[in-house]
Amino acid sequence: MPYLCLMQEGNANLSRLIERANLNGFNVIAAPLNAMEIPLEFQKEPMNKADSKFTYGDLLLTADQWNTKTILMLSELMDCDSIDPVVRKNSEEILKRDISWAEHLQYGGYILIKLRRAKNLNLARVITQQIKGVLLVQVPLYNAPAAHAVWRRDLSEEEVLDLEQQDTWQWWNRFRRAADFNSKMKVVLEFNEVERPSLDIVRRWVGEPLEAVIIPSNLFIRNRQKYPVLPKAWQQVLKCVLQAHANIVVATDANDNSLKLYSDYLQNFRDIHKDAHSLESFEDVLEIPLQPLYDNLDCYTYEIFERDPVKYKMYQDAIAAALIDRVSDSEIPDKLTVIMVLGAGRGPLVRSALNAAENTKRKIRVYIIEKNPNAIRTLSAMVDELWSTKDVHLFSKDMREFSPPEQADILVSELLGSFGDNELSPECLDCAQRLLKTDGISIPCKSISYINPIMSSKLYNAVRQVRSESFARDKQATYLTHAESGYVVLLKSIYNIGVPQSLFEFVHPNRDPIIDNSRYKILNFPVEADCILTGIAGYFESTLYSDIKISINPSTHTHGLVSWFPMYFPFTEPLEVIKGQIIKIHFWRCVSKKKVWYEWCLTSPSTTHIHNLGGRSCHIYCT
């Protein structure tokens with residue numbers, strides 16, 4: 001459930017703070033684990049039990065309040081990476097003790113720790129061993145040097161200046177890498193006063209496991225009606241993170257009387273800009289690509305496809321345009337157009353063809369070719385009950401083996417898949433084009449795949465999870481089995497390192513004397529910001545007929561098209577890339593008599609092994 005959290009300094013009464021938060025529209029509070037900070041001087045003394053007087057008792061709140069209403073904040077004064085060995089050791093002991101106490105209060109709850117610098121190696125080591133619930137890691141969006149002198153008394157002016165120039169994303173990056181991309185860790189991004197925040201910087205954080213953003217109350221300004229609002233530049237930033245389903249934390253002091261105004265404004269803003277849709281449950285979920293040529297699809301899968309509000313209308317428009325071009329107005333009474341629907345499923349393309357003919361007043365004969373015997377049962381009923389008065393003929397055949405009574409004027413198919421060719425549209429249509437007249441039309445007539453490098457901590461951990469679960473079930477599974485597989489994913493929590501570029505193109509009908517559907521291409525992507533390369537996103541654009549196109553490429557995405565999710569090709573290990581470097585991706589489409597598969601690797605900024613070599617981890621069956 002999304003939450004609106006109140007983080008209020010100077011309010012040590014947690015039960016009253018929860019009550020005040022609820023009355024003012026906040027459903028969660030963020031509060032220090034300790035009732036008061038343990039002084040630095042105390043930390044330098046030998047550890048003893050006297051420090052328990054600084055901690056809240058567990059009876060202060062109910063178990064439900066600890067678990068569902070509270071985010072516990074660890075002390076900001078701990079310094080597990082101090083050069084002073086006494087401070088470092090005592091900080092470690094305090095951290096272990098506090099995490100143990102926090103997890104006593106919360107069963108798998110949320111614990112918040114704040115990063116204040118880049119060097120947190122020992123902190124990551126200690127906390128990764130201790131944490132059992134969710135660890136929220138607070139990182140400032142921009143560096144705020146004013147706080148450093150308070151936190152670190154030993155900083156020189158040069159060190160403060162160095163801190164000002166640091167990229168705070170690198171603080172998080174080094175911390176989570178040291179923790180081996182621990183899936184229990186999530187980011188809480190702290191907004192701070194910058195006149196013109198950069199959306200490019202914010203978009204990079206969307207590729208991280210972003211749990212929430214902290215908005216300090218001093219970031220609000222008053223509008224003409226004297227209500228607090230965010231400046232326009234910060235509104236754009238907030239809109240960006242809300243589309244990644246981030247929660248909101250408001251940080252203020254105990255004397256602030258505008259809490260209800262903040263919550264009303266932010267709740268309204270979230271309602272307006274939230275990215276809610278019927279496919280939300282599929283976001284960032286790895287799915288094995290369909291192989292309709294090899295497997296017979298079930299009714300659930302057919303129904304998902306048939307719900308698409310756009311695809312079949314686009315096909316209908318393409319067929320109508322082809323009919324008009326093929327049959328002039330003067331030829332309407334006498335000329336018959338033969339349409340073959342290849343891989344008809346449960347008939348949506350047949351309906352598109354019949355609707356197109358009715359709308360254009362053209363006469364057509366439809367041949368339905370489908371290999372799935374279960375779909376044939378549905379189609380037979382439709383032919384008998386719905387299309388009995390139409391010139392419609394059904395054949396239970398594989399399109400590659402079908403011998404028609406006559407050749408077609410128009411071939412219609414939808415074997416595109418998420419990558420344009422991963423359901424073997426080239427192989428199927430190349431075999432089927434013998435069914436087409438020499439001047440015949442194929443719908444679609446062209447498809448182009450696109451790729452770009454992306455960062456997604458969520459997808460990287462999802463692949464690791466699939467891999468570990470598979471190994472637990474099958475001890476013969478190798479490390480590469482799932483790390484080198486292509487997946488279908490509704491991409492959400494990603495950072496696009498580069499703009500998608502065209503990869504492979506296929507044209508139908510293919511009149512080349514020698515047909516070869518293997519491909520190889522090298523693409524270069526400049527790196528605009530330091531980030532982690534975790535994989536490759538794949539998309540397609542397809543021309544159905546003339547200027548009628550469908551696309552899942554982000555820059556040309558057909559509005560409302562939901563039949564296809566993008567592809568995701570992971571790298572077995574994440575690769576850190578630096579602004580100014582070039583990512584050079586090599587990508588192959590390989591073909592044999594029995595299977596088709598993709599291979600991919602990098603040669604810049606470093607060289608990886610060739611993933612899925614020989615189709616060892618994933619491939620598409622031809623038979």
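Colleague: Where is the place of glutamate 414?

Modeller: Glutamate 414 is in the loop between E14 and helix H16 (425-432). Helices (H or I, at least four residues) and strands (E, at least two) are DSSP runs, numbered from the N terminus. Before you go on: this is a predicted model, where local features need pLDDT of at least 70 and side-chain atom pairs count only at pLDDT 80 or more, while totals for chains, interfaces and linings use all residues. Residues are numbered from 1 along each chain as its sequence is written, and side-chain values use heavy atoms, with hydrogens and water left out.

Colleague: Why does glutamate 414 count as buried?

Modeller: Buried means under 20% relative accessible area, exposed over 50%, and partly exposed in between (1.4 Å probe, protein chains only). Glutamate 414 has 15% relative accessibility, so it counts as buried. Glutamate 423, found in the loop between E14 and H16, is buried too, at 11%.

Colleague: Which residues does UniProt list for "active site"?

Modeller: The unreviewed UniProt entry lists Glu414 and Glu423. Positions are given in the numbering used here, feature names are shortened, and annotations may be inferred rather than shown by experiment.

Colleague: What makes the link between glutamate 414 and lysine 311 a polar contact?

Modeller: The term needs a pair of N or O atoms within 3.5 Å; within protein, one must be able to donate a hydrogen and the other to accept it, and residues adjacent in sequence count only if both atoms are side-chain atoms. The side chains of glutamate 414 and lysine 311 are joined at 2.7 Å, so the pair meets that distance limit.

Colleague: Is arginine 400 buried or partly exposed?

Modeller: Arginine 400 is partly exposed, with 23% relative accessibility. Its salt-bridge partner is aspartate 398, with the closest N and O atoms 2.9 Å apart. Aspartate 398 is buried, at 14%.

Terms used:
A salt bridge is a side-chain nitrogen of Lys or Arg within 4 Å of a carboxyl oxygen of Asp or Glu.
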